[in-house]
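Subject: A structure for you to look at

Hello,

Here is the structure I promised to pass on to you. Have it open while you read, and I will walk you through what I found.

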Amino acid sequence: MSNELTWYMILLSSILINNIVLIRFLALCSFFGVSNEIETSIGMGMAVIFVMTLASASTWILWYALLLPLHLEYLRTAVFILVIAGLVQFVEMYMKKALKSLYNAMGIYLPLITTNCAVLAIALLNIDYGLGFVNSIIYTVGVAVGYTVAIILFAAIKERIALSTTIPASFRGHPIGFITAALMSMAFLGFSHLFGL
Amino acid sequence: MSLWKDFTTGIIKENPVIVLMIGLCPTLAVSSSANDAFGMGIAATFVLIASNIIVSMVRNHTPDAIRIPIFIVIISTFVTIVDYVIHAFDMELYASLGVFIPLIVVNCIILGRAEAYAYKNNVISSTMDGLGMGLGFILIITLLGAIREIIGNGTVTIFNYQLLNLGAGYQPALMFIMPPGAFLTIAFLMAAQNKWLKK
């Protein structure tokens with residue numbers, strides 16, 4: 001990925017072509033864990049968009065303003081994960097105090113996001129791809145929207161599967177969930193080579 | 001024989017991936033060939049054992065309130081070591097594992113074992129627990145990689161040794177080394193576990 005990409009290409013590519021859950025296999029724990037109802041998955045999606053954008057912005061600044069000039073590249077993993085964990089905690093406390101209604105809507109999902117590997121992965125990928133500040137924010141928002149789209153679609157299918165009685169006993173629960181994800185992944189694979197990335 | 005028990009629970013009865021359903025992301029993402037899967041398994045197991053040992057050693061000096069950040073610092077130290085070692089010795093593996101090497105730090109298996117086991121037990125049982133859980137992880141991820149490679153490519157190769165080759169007459173199903181194949185294979189592994197291993 002280079003900087004010549006226009007913003008809508010970055011968005012399209014991160015939402016559809018390289019969908020974070022179905023093509024890149026990140027954030028699977030929450031994808032399978034929090035997708036039993038459409039409403040909770042919408043809440044989770046919003047919380048992910050919010051935290052991921054904040055985390056990407058702060059880790060990007062930290063990398064280019066502090067770690068790179070001081071030649072501390074080897075501390076990247078440790079610093080990023082601690083910053084993300086601290087940030088989530090801080091956001092949760094601030095929301096509880098100042099933005100009560102927003103906290104009620106997505107507060108319970110915030111602690112879950114610390115262990116969401118997608119947040120760390122995107123912070124690292126922004127650096128690996130060499131994206132500029134604005135592009136990395138666009139990329140992050142696209143990835144988070146892709147996550148939200150995937151988890152809402154998955155929750156909608158899962159609500160119908162729960163009513164089905166024809167599934168063999170050993171496939172109930174998670175195995176059928178994975179098969180559903182496989183079929184969704186096949187559908188998203190159709191977007192690959194859309195513009196040769 | 002409680003040490004033996006520490007060692008074996010992780011392999012089948014509490015297998016981290018197909019029974020406890022943790023550590024799914026790396027399992028699915030890097031299992032498109034047996035070699036990558038095996039490499040990932042070894043890397044994660046090294047981090048798991050090493051961090052279990054250190055966490056268990058410092059457990060009596062760790063304040064309860066800040067134990068999680070301490071675990072994370074310990075784990076990320078070993079992840080950085082693994083990252084640099086793979087980069088130095090096996091560039092091909094490094095390229096195909098990519099971002100999943102630093103992501104070992106958020107692998108729920110490692111933080112989970114530090115919190116649930118190593119923080120409460122002595123160094124020797126924690127080592128055995130790490131070894132058992134790690135073997136369970138290696139077993140499943142390599143099995144997944146091997147199945148996907150056989151169906152999707154007709155071969156199984158680990159560290160340049162070709163263990164199996166179905167020959168030129170085999171028509172590979174490319175789907176299995178692409179993302180949907182990972183979901184399908186793990187679904188069938190889990191269903192098999194539900195059918196035959198659950199008591």
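Let me begin with chain A. Chain A has nine helices and zero strands, where helices (H or I, at least four residues) and strands (E, at least two) are DSSP runs numbered from the N terminus. Read along the sequence, its pattern is α-α-α-α-α-α-α-α-α.

Before going further, a word on the model and its labels. This is a predicted model, in which local features need pLDDT of at least 70 and side-chain atom pairs count only at pLDDT 80 or more, while totals for chains, interfaces and linings use all residues. Residues are numbered from 1 along each chain as its sequence is written, and chains are lettered from A and ligands numbered from 1 in the order in which they are written.

Now the overall form of chain A. Its C-alpha trace spans about 60 × 45 × 30 Å along the principal axes. Of the 197 residues, 42% count as buried. A residue is buried if 20 or more other C-beta atoms lie within 10 Å of its own, exposed if 12 or fewer, and partly exposed in between, with C-beta atoms placed from the backbone. Residues 24 or more positions apart account for 78% of the chain A contacts with a separation of 6 or more. Two residues are in contact if their C-beta atoms, placed from the backbone, lie within 7 Å.

Most residues other than glycine have a negative phi. F25(A), though not a glycine, has a positive phi of about 60 degrees. You will find F25(A) in the loop between α1 (7-17) and α2 (28-33) of chain A, and it counts as buried because it has 25 C-beta neighbours inside 10 Å. A27(A) lies in the loop between α1 and α2 of chain A. A27(A) also is not a glycine, and has a positive phi of about 60 degrees; with 27 other C-beta atoms within 10 Å, A27(A) is buried.

Is T180(A) buried or partly exposed? T180(A) has 18 other C-beta atoms within 10 Å, so it is partly exposed. Leaving aside neighbours within four places in sequence, T180(A) is in contact with F154(A), I157(A) and I161(A). T180(A) and N126(A) are 54 residues apart in sequence, and their C-alpha atoms are 30 Å apart in space.

On to chain B. Chain B has eight helices and two strands, running α-α-α-α-α-α-α-β-β-α from the N terminus on. Its radius of gyration is 18 Å, close to the 16 Å that the globule rule gives for 199 residues, so chain B is as compact as a globular protein of that length. Buried residues make up 47% of the 199 residues in chain B.

The axes of α3 (residues 34-57) and α6 (residues 108-118) of chain B come within 10 Å and cross at roughly 30 degrees. That makes α3(B) roughly parallel to α6(B). Axes are lines fitted to C-alpha atoms, for helices over the stretch in contact, and angles run from 0 to 180 degrees between N-to-C directions. Angles under 35 degrees count as roughly parallel, over 145 as roughly antiparallel, 65 to 115 as roughly perpendicular and the rest as oblique.

α3(B) also packs with α7 (residues 123-153) of chain B, at an angle of about 165 degrees and with the axes 8 Å apart. α3(B) and α7(B) are therefore roughly antiparallel to each other.

Finally, how many residues does each chain give to the contact between chains A and B? Chain B gives 30 residues and chain A gives 31 residues. On the chain B side, the elements that give two or more residues are α2 (24-29), α4 (67-89) and α8 (179-196). α8(B) gives the most, with 11 residues.

Enjoy exploring!

Technical notes: Rg over C-alpha atoms; globule rule 2.2 N^0.38 Å.
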